[in-house]
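Please look over the sequence and the model below before reading on.

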Amino acid sequence: MKPHHIWSHCDIATCLPDASSGYGLIRDGALVIQGDKVAWVGPRSQLPEIYQGPASVHHDAQGTLMTPGLIDCHTHLVYGGQRANEFELRLKGASYEEVARAGGGIVATVRATREADEASLAAQSARRLSALLKEGVTTVEIKSGYGLAFEHEAKCLRVARALGEQYPVTVRTTFLGAHAVPPEFAGRSDDYIDAVVAMMPALVQQGLVDAVDAFCDGIGFSPAQTERVFAQAKRLGLPVKLHAEQLSDSDGAALAARYQALSCDHLEWLSERGSQAMAAAGTVAVLLPGAFYFLRETRLPPVALLRAHQVPMAISTDCNPGSSPCTSLLLMLNMACTLFRLTPEEALQGVTRNAARALGLADRGTLVAGQRADVVLWDVQSPAELCYAIGANPRRQTLVGGVAVQV
Ligand code: DI6
Ligand code: FE
């Protein structure tokens with residue numbers, strides 16, 4: 001039998017809401033790990049005797065706060081190059097849409113990504129991944145969508161998978177072939193959607209895809225085009241997600257909900273109807289304060305509506321070169337509170353329990369018996385401190401599957 005590892009001398013934010021808070025806070029707690037799973041969690045004073053024998057290994061958490069490993073459930077972190085020039089253009093008055101229509105935007109990153117070989121893409125992307133891990137991320141979703149042709153989409157997804165093998169993190173991959181129309185299909189977006197649909201079976205067969213996403217928007221794809229991608233995902237048995245209602249209301253959320261989407265993401269323009277549909281389908285709302293901030297949007301996601309309909313909210317970096325060049329999930333916690341007025345309890349749930357749900361992962365996101373032992377120890381006195389500080393990184397220690405890792 002594998003030994004029990006007992007961590008004590010810490011407060012534990014289980015992130016399973018209880019009567020007193022959304023943190024599920026246990027003061028002076030103990031966490032028992034066996035193998036890669038949590039075996040028991042509770043107040044230290046109630047630690048069952050079976051764990052107290054000489055066969056247990058004791059660890060002193062030194063007065064830290066323990067949380068589940070953080071989950072960044074929406075990133076585009078595998079890409080080539082950067083787009084600081086567009087940042088400058090926008091500061092001179094161009095809008096994000098204007099830059100995109102003038103051949104910059106997503107298509108500029110597609111060029112750089114196609115030019116990069118696998119080793120160079122991996123090296124560029126590893127730097128971004130590494131920044132996330134240093135802040136306690138133990139699970140990350142990575143989308144394709146800067147290749148936009150079979151060989152380059154496959155390359156990006158292989159790089160994402162390989163990162164998950166080389167670093168102590170779970171990587172979940174999402175195929176976002178319907179991110180933008182590549183130059184060789186300019187003016188023929190329906191034909192490009194045919195190509196996207198045709199790419200999917202082989203990518204799935206190569207084990208490269210965990211979920212399917214699309215960018216449903218005026219500068220992306222129409223609901224009808226999005227639906228063709230979703231129908232193919234369904235045939236292949238894959239869950240879907242959607243970039244929906246970011247720059248306008250295309251009624252994408254309701255469409256995604258009809259396909260039992262795991263999540264709809266962005267949602268600044270979400271309507272009441274969309275929000276009801278998401279609630280009924282159990283779809284998570286992934287809010288992306290980095291993109292809102294970086295594009296200087298003024299329309300806030302309808303947080304009150306999401307609360308009223310009890311749509312679970314997640315928070316993510318949206319790490320990408322155009323609208324959110326961000327590798328700090330802790331900063332997103334702060335911005336979710338300052339910009340979107342989430343409570344710190346909602347924000348922390350948004351990078352743990354609800355982020356797990358947005359990825360369809362039932363085995364993580366809370367610290368309760370039976371869950372994966374992905375755990376972070378923080379040098380803070382209260383969970384709210386993780387949301388309150390700007391630019392601090394109080395991470396002391398990360399355990400992945402019960403094992404202490406260096407990141
Ligand atoms: N919405 C976004 O905010 C990113 N992709 C998307 O569908 C932006 C991607 C980029 O500008 O490179
Ligand atoms: Fe995105």
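Predicted model: local features only at pLDDT ≥ 70, side-chain atom pairs only at ≥ 80, totals over all residues.

Residues are numbered from 1 along each chain as its sequence is written, chains are lettered from A and ligands numbered from 1 in the order in which they are written, and side-chain values use heavy atoms, with hydrogens and water left out.

Two packed helices are described by the angle between their axes and the distance between the axes. Helices (H or I, at least four residues) and strands (E, at least two) are DSSP runs, numbered from the N terminus. Axes are lines fitted to C-alpha atoms, for helices over the stretch in contact, and angles run from 0 to 180 degrees between N-to-C directions.

Start with helix 4 (residues 118–134) and helix 5, whose axes come within 10 Å and cross at roughly 50°. The two helices are therefore oblique to each other; angles under 35 degrees count as roughly parallel, over 145 as roughly antiparallel, 65 to 115 as roughly perpendicular and the rest as oblique. Helix 4 passes helix 5 in a right-handed crossing. A crossing is right-handed if the near helix is turned clockwise from the far one by less than a right angle, and left-handed if anticlockwise. On the helix 4 side the residues are Glu118, Leu121, Ala122, Ser125, Ala126 and Leu129, and they meet Lys155, Cys156, Arg158, Val159 and Leu163 in helix 5. Contact here means heavy atoms within 4.5 Å. By class, the residues of this contact divide into seven nonpolar, one polar and three charged. Ala, Val, Leu, Ile, Met, Phe, Trp, Tyr, Cys and Pro count as nonpolar, Asp, Glu, Lys and Arg as charged, and the others, Gly among them, as polar.

Helix 5 (residues 150–166) also packs on helix 6: their axes come within 10 Å and cross at roughly 35°. The crossing of helix 5 and helix 6 is right-handed. Phe150, Glu153, Ala154 and Leu157 of helix 5 make the contact with Met199, Ala202 and Leu203 of helix 6. That contact has six nonpolar residues, no polar ones and one charged.

What is the angle between helix 6 and helix 7? The axes of helix 6 (residues 189–205) and helix 7 (residues 223–235) cross at roughly 10° and come within 10 Å. That makes helix 6 roughly parallel to helix 7. Their crossing is right-handed. Helix 6 contributes Ser189, Asp190, Ile193, Asp194, Val196, Val197, Met200 and Pro201 to the contact, and helix 7 contributes Gln225, Arg228, Val229, Gln232 and Ala233. Seven of the residues in this contact are nonpolar, three are polar and three are charged.

Is Asp210 buried or exposed? At 16% relative accessibility, Asp210 counts as buried; buried means under 20% relative accessible area, exposed over 50%, and partly exposed in between (1.4 Å probe, protein chains only). Leaving aside neighbours within four places in sequence, Asp210 is in contact with Arg161, Val171, Arg172, Thr173, Leu238 and Pro239. The C-alpha atoms of Asp210 and Leu377, 167 residues apart along the chain, are separated by 29 Å.

Asp318 has a phi of about 60° and is found in the loop between strand 12 (313–315) and helix 12 (329–338). Its relative accessible area is 1%, so Asp318 is buried. Arg341, with a phi of about 65°, is found in the loop between helix 12 and helix 13 (344–350). Arg341 is exposed, with a relative accessible area of 58%.

Thr338 is found in helix 12 and counts as partly exposed at 42% relative accessibility. In space, Thr338 and Pro289 are 9.6 Å apart, C-alpha to C-alpha, although 49 residues separate them in sequence.

A search of the whole structure finds zero disulfides, a disulfide being a pair of cysteine sulfur atoms within 2.5 Å. For Cys337, the nearest cysteine sulfur is that of Cys387, 4.3 Å away.
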